[in-house]
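Trainee: I've got a model open and I'd like to learn how to read it. Could you walk me through it, feature by feature?

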Amino acid sequence: MDVIFEKTIGLTDIPTHYCPGCTHGVIHRLVAEAMVELGVLDDAIGVAPVGCSVLAYKYFNCDMHEAAHGRAPAVATGIKRVHPDNFVFTYQGDGDLASIGTAEVVHAAHRGEKISTIFVNNAIYGMTGGQMAPTTLIGQKATTAPYGRMEELAGKPIRIAEMIATIDGAVFVERVAVNTPANIRKAKRAIKECFKAQIEGKGFGLVEVLSTCPTNWGYTPEDALKWLEKNMIPYYPLGNFKKPKEVE
Amino acid sequence: MAKGKVIFQEDLCKGCNLCVTVCPAGVIAIDNTNLNAKGYYPAGVVNADKCIACMNCALICPDLVITVERLDK
Amino acid sequence: MAKVLMKGNEAIGAAAIKAGCRYFFGYPITPQNELPEYMSRELPNVGGMFVQAESEIAAINMVYGAAGSGARVMTSSSSPGIALKQEGISYIAGSELPCVIVDMMRGGPGLGGIQPSQTDYFLATRGGGNGDYRLLVLAPSNVQELADLVMDGFDLADEYRNPVMILGDGMIGQMMEPVEFKNREGKTIQKKDWATTGTKGKRKPNIINSLYLDAEELERHNEKLQEKYNRIREKEVRVESSNLEDADLVISAYGTTARIVKTAISKLEKEGYKIGLIRPITLFPYPYDEFDKIEDTCKGVLTVEMNSGQMLDDVKLALKGRMPAYFYGRTGGMIPTPEEIVKKVKEILGGDK
């Protein structure tokens, strides 16, 4: 008999604090497996955000920095400029990347920093208890949008993958979701492609991962996955927005 | 005859039920009589014979509870 | 080594490179732009790396990443930009990382002006960002001292795993004076086992972090930081003082203001006054004990600053109520003249001798 699936060495043995059914756990695993499979775990230096995944520095089995809210791409820039041969990644949520940290991610992409950013979009602020995020959908309720997000007051939700793809320094941009096993497999493939863009010295890569927040959306984990499929995917379409040109 | 075998580390399980929903063969169920060390009702195998080693459960599990083995013919 | 005529801002860059600094992350702001410009020219020549960040906030976070990765790294700005950096500086101090931060102070508050000031004394010495931390603050008075303190700053930062701030002002950044860069032979850069370099499969992951969710653990961490600051207080005080023994009055000032004060003192001495000087060189740790050397017969201490009275508070603490603490200051970018200081001293001491 063959073991065909077991816990990756890219994650520590520390059990995560995430809510039951929160797909952060899935995304952490994909990132860790990708690093192991590409042979970069021993050279990896990651940057954790502020948000539910603030404790990611305990879960990834590599050197880690805890960054201030939104600043991870700047911190990663400092690390990568000092250690250009190491594999440097950031792991950020929607408050971190799409709100306070938008300048940092845009400029890291603009400078073509050879780092990889995993952007976890769950359309809400999880850790602080369910406030509206820049990615919260129109009509979606949040504790700071109790009547549902209204375009006249808060604008439309922001599409990060499309925006980052317009920047020349960003060489790999894809949006994926982790709501089904099939999508999870595709997400892992995209994450590996993104990491390869760094390993091959090509430039900045970002994978936006649509994720659930059962607790703050007010759904069971299973219903949360369905809500993601029904509401998030139509507004945040999955697919590749940019990839490095094939070398002739 | 089962094609696969799934092993659950029940003390890591948070009872989220996602594995149950994605298993195409009805192998897994939550055991509502068995509280684990964390205070959750963990998922476990109830129909081992039906496992086809598709790995859906392990893929969707956020907590690395499940190990999957493919059994020899 | 020969003396070179250099502008203060550029001398900082040259001194940093001599001290082994190979990474600079900064953002343009008057009156310190010559420093990032110098680093952008010179760092590539020594295998270093210069990045103009998108903001002062991004720059200090790049410093945080580079420092945590084991590098000797510097950033610089002026007062409004230093205000932006406070979050990052707090993280660096909380994570116990070394770095050098240069503040060329200008008039404030807010956007203020571009002329020199000393308005960041509180910010520099009381923390500035959130939390109970301190920076080691060095206040040079001329370009030679500026170069020397920058080099010492890198060594002190590494030794104590703490950010070091070089507190200058627009004058010292812009003026050109002869500088001789000290020989660094025998000075080795400490190995940093705690830095993130990739585990290489050979060690446990290194984590650079200032988050401690358990209150008892965070208290222990804070006690560790305070113990470090106490060691710094014991060992790193630097001060220049003169004529304290039978002074009619003592003047306390730092940075370029101290040079103006020295001119005022020599004018007053020609008229028969006995005026002492205490010029703190480290603003944290502050040379409180130096003030004990002033005899009770002294009429008081006059603090002269380019602000509305910040170091004044530390002087009052140092005096322990033994004698009056007087103040003379200019704000907004105005620079006091020796004549104004002479006039103030005469007011205090009651007329010409």
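Predicted model: local features only at pLDDT ≥ 70, side-chain atom pairs only at ≥ 80, totals over all residues.

Trainee: How many bridges join strand β1 of chain A to β4(B), and do they run parallel or antiparallel?

Mentor: Three bridges join β1 (residues 2–5) of chain A to β4(B), and the strands run antiparallel. To find the spot, look for A:Val3, which stands opposite B:Glu69 in β4(B).

Trainee: And how many residues of chain B and chain A are in contact?

Mentor: For contacts, count the residues on each side. Here 24 residues of chain B are in contact with 23 residues of chain A. On the chain B side, α1 (18–22), α2 (56–60) and β4 (66–70) each give two or more residues. Sorted by class, that side of chain B has 14 nonpolar, five polar and five charged residues.

Trainee: Which pair of chains shares the most contacts?

Mentor: Chains A and C do, out of two pairs of chains in contact. There, 28 residues of chain A are in contact with 33 residues of chain C. On the chain A side, β2 (44–48), β3 (63–66), α3 (72–82) and α5 (102–110) each supply at least two residues. The element that gives the most is α3(A), with eight residues. The side of chain A that touches chain C divides into 14 nonpolar, seven polar and seven charged residues.

Trainee: What about strands there: how many bridges join β3(A) to strand β9 of chain C?

Mentor: Two bridges, and β3(A) and β9 (residues 207–208) of chain C run parallel.

Trainee: How far apart do the closest C-alpha atoms of chain B and chain C lie?

Mentor: They lie 20 Å apart, and no contact joins chain B and chain C.

Trainee: How many residues of α1(A) are buried?

Mentor: Burial is about neighbours: a residue is buried if 20 or more other C-beta atoms lie within 10 Å of its own. In α1(A), 11 of the 14 residues are buried, so the helix is largely enclosed by the rest of the structure. Among them are A:His24, A:Val26, A:Ile27, A:Arg29, A:Leu30 and A:Met35.

Trainee: Now chain C. Into which domains is chain C divided?

Mentor: Domain 1 (4–184 + 209–235) and domain 2 (242–349). Their C-alpha centres lie 27 Å apart. Between them, 27 residues of domain 1 of chain C are in contact with 22 residues of domain 2 of chain C. On the domain 1 side, α6(C) gives the most, with four residues. That side has 13 nonpolar, 10 polar and four charged residues.

Trainee: Which residues of chain C does UniProt list for "coiled-coil region"?

Mentor: The unreviewed UniProt entry lists residues 208–242 of chain C. In the model, that span is 60% helix and 14% strand, and its end C-alpha atoms lie 44 Å apart.

Definitions and conventions:
Residues numbered from 1 in each chain as written. Chains lettered and ligands numbered in written order. UniProt positions renumbered as here; feature names shortened; annotations may be inferred. Buried ≥ 20, exposed ≤ 12 C-beta atoms within 10 Å, placed from the backbone. Contact = placed C-beta atoms within 7 Å. Nonpolar A, V, L, I, M, F, W, Y, C, P; charged D, E, K, R; others polar. Pairing = 2+ DSSP bridges. Domains from an automatic or database assignment.
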